[in-house]
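Biologist: I am new to this structure. Could we go through a few of its features, one at a time?

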Amino acid sequence: MMRYRDFLGRKASVLVMGCGGYGMGTSQMQTNEFLDVYAEMGGNFLDTARIYGDIPNEVFGISERAVGNWIAARHNRDELVIGTKGGHPSVKSMNVGRLDRDNLTKDVYESLNDLMIDYVDIYWLH
C-alpha cells in the first residue's frame, strides 16, 4: 500500500519514480510499462531532469520526452507530482556554470515542451 505526504495541499507518494533512464536504454513501450506499474501501485511523484539523455553527445531531454509521451497518452497530468531539474553545466565544460537567468529559463521551457505540460510542481537546480 502506497503511503503519501502532503505536498502543497496535494498528496504525493513517498516513493518517487526516478526517470533518468527512460528513453535511453528503454523503448517508449517499456517506459510506459514501468510508469503504468508505478501508477497502479499508487505512485504519483516523478523525478526527471533536463540533462537526462544522451549525455556524451549532449542530446538532452530524452527522459522528459519519454515521460511526456506517457503523460500525454494517459491524460493523467492532474494526478501527478512532477519534478525536474535544470541548470546543469555542459558535459564538455563542467566548470562553467549555467545557473544564470537565460540558461534556467531556456531549460524550464524546454522541459515543459518535452514533458508536454504547462507547469512542473518542483524545480531543482542540478
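Modeller: Start with contact, which means heavy atoms within 4.5 Å. Keep in mind that this is a predicted model.

Biologist: Which residues does D54 touch, not counting residues up to four places away in sequence?

Modeller: D54 touches M24, V59 and I62 on that count. D54 itself is found in strand β5, residues 53–54.

Biologist: Is D54 buried or partly exposed?

Modeller: Buried means under 20% relative accessible area, and exposed over 50%. D54 counts as partly exposed because its relative accessibility is 28%.

Biologist: What should helix α3 span, at 1.5 Å a residue?

Modeller: The 15 residues of α3, 101–115, should span 21 Å, and the end C-alpha atoms are 21 Å apart, which agrees.

Biologist: What is found at the start of α3, and what just after α3?

Modeller: At the start, a side-chain oxygen of D100 comes to within 3.2 Å of the backbone nitrogen of D102. Just after the helix, M116 has a positive phi of about 60°. M116 lies 62 residues from D54 in sequence and 20 Å away in space, C-alpha to C-alpha.

Biologist: Which residues of α3 are buried?

Modeller: An α-helix has 3.6 residues a turn, so residues three or four places apart point the same way. In α3 the buried residues are L104, D107, S111, L112, D114 and L115. They pack against α2 (62–74), β7 (81–86) and β8 (122–125).

Biologist: How do α1 and α2 cross?

Modeller: Their axes come within 10 Å and cross at roughly 65°, and the crossing is right-handed. The contact residues comprise five nonpolar, four polar and three charged.

Methods:
Residues are numbered from 1 along each chain as its sequence is written. This is a predicted model: local features need pLDDT of at least 70, side-chain atom pairs count only at pLDDT 80 or more; totals for chains, interfaces and linings use all residues. Side-chain values use heavy atoms; hydrogens and water are left out. Helices (H or I, at least four residues) and strands (E, at least two) are DSSP runs, numbered from the N terminus. The expected span of a helix is 1.5 Å times one less than its number of residues. Buried means under 20% relative accessible area, exposed over 50%, partly exposed in between (1.4 Å probe, protein chains only). A polar contact is a pair of N or O atoms within 3.5 Å; within protein, one must be able to donate a hydrogen and the other to accept it, and residues adjacent in sequence count only if both atoms are side-chain atoms. Axes are lines fitted to C-alpha atoms, for helices over the stretch in contact, and angles run from 0 to 180 degrees between N-to-C directions. A crossing is left-handed if the near helix is turned anticlockwise from the far one by less than a right angle, and right-handed if clockwise. Ala, Val, Leu, Ile, Met, Phe, Trp, Tyr, Cys and Pro count as nonpolar, Asp, Glu, Lys and Arg as charged, and the others, Gly among them, as polar.
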